[in-house]
Amino acid sequence: MKRNVVACMMAVIMASSICVPIAADSSVASVESGAESLATSNPDTPAADTVKGKSTGLKIGFAVQTLSNQVWAQQAEQIEKDAKNDGNEVTVVDCKENANTQIDQLENFVSSGVDAIIVNPVDPDAIEDVCAEARKAGIMVMSWDENMTNADINWLIDNYDLGCKIGSEAADWINDKFDDGKCEVVVLGYPQTPILLQRENGILDQLKEKAPNATVVANQPAIDTTQGLNVMETVLQSHPDVKVVCCIGGGGAAGANEALKGYYGSDRPDDIGIFSTDLTDETIASIQNNEFNKVCVAITGNSYVCGDAAYRLLIDKESGKEVDQNVYRELIPVTADNLTEMTAVPGETTSSAVETAAN
């Protein structure tokens, strides 16, 4: 009942909102081919061009899957920093990867009358209804990493393409390092999560296509550092000649790097490489210190750059600028050659960012 009253009040407020037509803007983002506008595909929700027309004094709710993931924690930190500098307020909540908890958190955001919601969905289908409720109450919704119907902005990764990029970088390295292209490979995936399974499939497809003589000797789930460490230590017992590790995320890569360091000690062969995504502090330090991470495919940039980009996109939309509903993020391979450039933190110097990670 309380939510219905709030929704009615917000509907009155929205009656005085400013409306501007939305047009595709190639300088802001690329859009899925043939994608229809939200107003057309879902007539039961407000048109995607309804905005409040302001960018300061906003209350923003940010619902994250888990803050135990360093990447998401740093992204949230940057969003809070940006919002504070702009005179806005961000409330960050962690559902600990529980979809029902996330639904409750989003309902609380709606009841409290926030101006905008950023959500990193555990289960996008499960939150469609509550996001529709938010939009009907005049609250802008931004979906992070998932293509949702009831979102004003979908900030997306083509996860299969990301996996292909990781696998392609690994395959090129294999073909360069080994004359016959023969070596043992480990893939650290996470099939429990559909988008991460897409990354895993992309890795495997590119290895098969571009490095057909390489052999995947283990394909195990590893989403965080502990899992990556444990899996890699176990694999090395039965496959001590592993040369390449491909990871769907930075957590598994960090664990694999620690396992390899423990296995080889001070003797670090130059024909062993880890290929991953998520430009975490551990990955930055590993590349900087010439350890086992060779290529990290950054998504937009480092975690702080991602947080800044997501926040700026939301503010652009909230202030009435033209923003596509589906915004695809850039994939950028990071090596020792461009590490300094890619570790720049908004508001800091590139050198200080690298030094912080290395320490």
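Phe-62, Trp-144 and Trp-155 form one aromatic cluster in this predicted model. Rings of Phe, Tyr and Trp (its six-membered ring) count as a pair if their centres lie within 6.5 Å; planes under 30 degrees apart are called stacked, over 60 edge-to-face, and the rest tilted.

| Pair | Type | Centre to centre | Angle between planes |
|---|---|---|---|
| Phe-62 and Trp-144 | stacked | 5.5 Å | 15° |
| Tyr-263 and Tyr-264 | edge-to-face | 5.0 Å | 80° |

Phe-62 belongs to strand β3 (residues 59–64) and Trp-144 to strand β6 (residues 140–144), so their pairing ties together parts 82 residues apart in sequence. Strands (E, at least two residues) and helices (H or I, at least four) are DSSP runs numbered from the N terminus. Phe-62 is buried at 2% relative accessibility, and Trp-144 is buried at 1%. Buried means under 20% relative accessible area, exposed over 50%, and partly exposed in between (1.4 Å probe, protein chains only). In the tyrosine pair, Tyr-263 is partly exposed at 42%, whereas Tyr-264 is buried at 19%.

The protein as a whole has 13 helices and 14 strands, and 52% of its 359 residues count as buried.

Residues are numbered from 1 along each chain as its sequence is written. Local features need pLDDT of at least 70, side-chain atom pairs count only at pLDDT 80 or more, totals for chains, interfaces and linings use all residues, and side-chain values use heavy atoms, with hydrogens and water left out.
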